[in-house]
Amino acid sequence: LQIHRSWWVRRNAIRRVRQSSRKMVVILLTGDEIPVSGPYQAVVRQLARATELPVTPLTGETASRTPSG
């Protein structure tokens, strides 16, 4: 699933979604927080609804952009 111009993730690697009014990040099973760019937010919202992924409020301004490993 492409969630950003620079990021592709496996759907089953997503633990939850965090969002504010404008920003969205996905939290991976590894704990990494990956930003979701505007054009991909609707797809991530649909995935969250379809798979019952938890969606929680986003606190803080930036997401961690460094994958582990």
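Which residues does Ile3 touch, not counting residues up to four places away in sequence? They are Val9, Val26, Ile34, Pro35, Val36, Ser37, Tyr40 and Val44. Contact here means heavy atoms within 4.5 Å.

## Basis

This is a predicted model: local features need pLDDT of at least 70, side-chain atom pairs count only at pLDDT 80 or more, and totals for chains, interfaces and linings use all residues. Residues are numbered from 1 along each chain as its sequence is written, and side-chain values use heavy atoms, with hydrogens and water left out.

Helices (H or I, at least four residues) and strands (E, at least two) are DSSP runs, numbered from the N terminus. Two strands pair if DSSP finds at least two bridges between them.

## Strand pairing

Strand 3 (residues 14-19) runs antiparallel to strand 4 (residues 24-28), with five bridges joining them. The two form a hairpin with four residues between them. Val17 faces Val26 across this pair. Strand 3 also pairs with strand 6 (residues 55-57), in the parallel sense, over three bridges. There, Gln19 has Pro57 as its bridge partner.

Strand 4 continues to strand 5 through four antiparallel bridges. Val26 stands opposite Ile34 in this pair. This hairpin also has four residues between its strands, and Gly31 takes a positive phi near 100°.

In strand 5 (residues 33-36), Glu33 and Pro35 point one way, and Ile34 and Val36 the other. In a regular strand the side chains alternate between the two faces of the sheet.

## Nonpolar core

The largest nonpolar core has 15 residues. Such a core is a set of buried Ala, Val, Leu, Ile, Met, Phe, Trp, Tyr and Cys residues joined through side-chain atoms within 4.5 Å. Ile3, Ile14, Val17, Val26 and Val44 have the most contacts inside it. Strand 3, strand 4, strand 5 and helix 1 (38-51) each give two or more residues to this core.

## Helix 1

The 14 residues of helix 1 should span 20 Å at 1.5 Å a residue (1.5 Å times one less than the number of residues). The end C-alpha atoms are 21 Å apart, which agrees.

Gln41, Val44, Leu47 and Ala48 are buried in helix 1. They lie on the same side because they cover an arc of only 130° around the axis, taken from the directions from the helix axis to the C-beta atoms. The buried residues of helix 1 pack against strand 1 (2-4), strand 3, strand 4, strand 5 and strand 6. On the other side, Pro39, Gln46, Arg49 and Ala50 are exposed. Glu52 follows the helix with a positive phi near 60°.

Terms used: Buried < 20%, exposed > 50% of the residue type's maximum accessible area, 1.4 Å probe, protein only.
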